Amino acid sequence: MMFQRNPLHTNPEPCNHLSDYKLKHGFNGYKAIQKLLVTSPIGRTSLKKPNLRILRCSFCNGCEKRVFLCLICSSFCCLDHTLLHIQTENGHDLFVDVERCELYCGVCCDQIYDPDFDQFVMAKHSMVLPNGVVGNESIGQRLIKRRRLVSGVGLYLQNESKFRFETKDLRGKSCFPEGLRGLNSLGSTCFMNSVLQALLHAPPFRDYFLSGGHSLEDCKRRTTERLCLICDINTVFSAMYSGDRNPYSPAQFLYSWWQHSANLASYEQQDAHEFFISMLDAIHEKEGITKNGSKGNGGDCQCIAHRVFYGQLRSEVTCMACGFTSTTYDPFLDISLNLDINISLTEKGKKLTKQNADDNMSTLLGCLDLFTRPEKLGSDQKLYCQNCKERQNALKQMSISKLPLVLTLHVKRFEHSFVKKLSRKIDRYLQFPFSLDMTPYLSSSILRAKYGNRIFNFGGDESDTFSKFEIFAVVTHSGTLESGHYVTFVRLRKQWYRCDDAWITKVDEATVRASQCYMIFYVQKTLYNKANEDLSHLPNSPGREILIPIAGCC
């Protein structure tokens with residue numbers, strides 16, 4: 001569904017406390033913590049003190065919550081006591097998140113992004129400091145110069161050569177498939193990076209931007225006061241498929257998205273699914289027109305969001321007294337599924353059976369079956385039957401009348417109880433197939449099973465050719481509701497890759513299957529096979545260089 005956004009768009013103000021810190025202390029704190037940086041086998045960077053096995057808050061002595069390191073005095077404190085530390089030690093405003101190795105302002109109570117800090121973290125892996133970094137430089141010299149990418153206000157790094165250095169890890173491995181490139185964290189933006197990685201490799205969405213589907217030169221939406229989100233998505237595609245293997249910082253896109261989603265504009269962690277919907281919503285708001293030029297909201301809309309992700313649900317509500325049925329159709333960009341905690345499918349895929357109480361595994365097919373099976377509506381949701389002329393108990397059944405090119409399935413892992421005032425994450429394992437046949441969940445299949453083949457004409461539903469899908473990306477969530485992390489697995493040339501912000505690593509199928517999936521991306525099988533025949537078929541985007549294969553690389 002599409003949502004209306006707040007028309008007033010503002011960007012978060014830059015952190016003045018960071019500027020004050022750099023003016024007074026330069027890069028001394030960055031240099032000090034660089035010695036404490038360690039990298040895990042999967043590429044995650046964190047802080048470790050050699051003489052401390054467990055880091056504890058200096059105020060409460062706790063170690064269970066996230067711990068932060070003061071950049072000035074190197075004291076440790078938990079998130080609850082960062083403000084107390086600031087009140088006790090004047091000017092000690094900036095901290096480093098020990099687990100995530102990200103900057104945090106205790107006064108603003110928010111994550112902040114600093115390209116200089118990011119360069120020190122990255123330089124640790126090659127043990128080479130950025131050239132020209134001097135602790136006594138003026139603030140004007142140290143602040144990164146910014147440039148306009150196309151037109152209007154730009155917030156991307158220009159003076160990259162001053163801080164460029166060689167990395168000798170998997171991020172720069174040139175034998176990775178084209179378009180596979182890390183995305184730098186801009187302060188708890190893994191929710192954004194994870195979804196972007198999935199969209200960057202969605203065949204029809206990718207081909208639209210790389211073939212010049214949105215012209216930067218002809219775009220009339222960008223002004224000196226307002227950014228064009230679609231132009232900035234195009235910029236991200238051009239950068240990711242440019243051949244540069246160094247991690248890319250999508251700062252321009254982030255600020256543009258903030259303008260279109262002012263209620264989510266902060267460096268705090270957001271929900272990846274909410275970001276996905278808001279991004280497609282913003283694209284539709286800007287390009288949502290029909291073939292005849294009118295504003296489109298359904299299947300006739302020609303915006304790239306609808307052309308790729310649009311599908312249609314069929315909702316059938318049946319009166320339990322007389323059998324009268326009311327049918328409605330609703331658009332969708334993704335399908336949100338409850339975990340099948342109480343039911344599962346048998347091997348035949350027809351009969352429902354109870355699960356064991358100690359069975360901690362759900363299946364995607366079970367979730368889809370739960371989504372499409374008849375459900376008795378509650379007493380407060382009785383149907384007004386046009387035949388009985390009164391409200392009656394009713395059964396509701398959902399089915400899919402139109403499938404999209406790219407099917408996005410969202411797993412409801414976060415529960416919120418307004419009655420109990422509690423929120424929790426469901427850490428239940430979900431088994432999902434790499435090849436998915438959606439035929440059993442189509443309206444035609446469900447109606448045939450219900451009424452028989454001879455009763456209705458099922459023309460217009462998807463054929464078997466378009467109901468078979470192949471997986472190409474999985475967005476996962478690890479951790480808790482309060483402190484979690486998003487990672488994406490991308491499938492290219494039948495090989496899986498783990499995209500963890502700036503880090504790209506090759507993984508096997510077992511690793512993907514064992515992950516805690518949150519969003520699963522499938523593409524129609526015909527499109528998947530075509531895209532994997534030869535990735536060199538990718539069309540060139542404007543200004544995009546053609547890569548020359550390097551000997552010895554795949």
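Residues are numbered from 1 along each chain as its sequence is written, and side-chain values use heavy atoms, with hydrogens and water left out. Because the model is predicted, local features need pLDDT of at least 70 and side-chain atom pairs count only at pLDDT 80 or more, while totals for chains, interfaces and linings use all residues.

The protein contains 15 helices and 29 strands, taken as DSSP runs numbered from the N terminus (helices H or I, at least four residues; strands E, at least two). Of its 554 residues, 51% are buried (under 20% relative accessible area with a 1.4 Å probe, protein chains only; exposed is over 50% and partly exposed in between). Among contacts (heavy atoms within 4.5 Å) with a separation of 6 or more, 66% are between residues 24 or more positions apart.

The structure holds 25 aromatic pairs. Rings of Phe, Tyr and Trp (its six-membered ring) pair if their centres lie within 6.5 Å; planes under 30 degrees apart count as stacked, over 60 as edge-to-face and the rest as tilted. The ring centres of Phe-205 and Phe-237 lie 6.0 Å apart with the planes at 55°, so this pair is tilted. Phe-205 belongs to helix 7 (residues 203-210) and Phe-237 to helix 8 (residues 229-240), so that the pair links parts of the chain 32 residues apart. Phe-237 also pairs with Tyr-241, and this pair is stacked, with 6.4 Å from centre to centre and 5° between the planes. Phe-205 and Phe-237 are both buried; the relative accessible area is 2% for Phe-237 and 1% for Tyr-241, which is likewise buried.

In another part of the description, the charged end of Arg-513 sits over the ring of Phe-434, 3.8 Å from the ring centre (CZ of Arg or NZ of Lys within 6 Å of the ring centre and within 35 degrees of the ring normal).

Two packed helices are described by the angle between their axes and the distance between the axes. Helix 9 (residues 251-260) packs against helix 10 (residues 272-287) at about 75°, with the axes 10 Å apart. Helix 9 is therefore roughly perpendicular to helix 10 (65 to 115 degrees). Phe-253, Trp-257 and His-260 of helix 9 meet Phe-275, Ser-278, Met-279, Ala-282 and Lys-286 of helix 10. By class, this contact has five nonpolar, two polar and one charged residues.

How values were computed. Axes are lines fitted to C-alpha atoms, for helices over the stretch in contact, and angles run from 0 to 180 degrees between N-to-C directions. Angles under 35 degrees count as roughly parallel, over 145 as roughly antiparallel, 65 to 115 as roughly perpendicular and the rest as oblique. Ala, Val, Leu, Ile, Met, Phe, Trp, Tyr, Cys and Pro count as nonpolar, Asp, Glu, Lys and Arg as charged, and the others, Gly among them, as polar.
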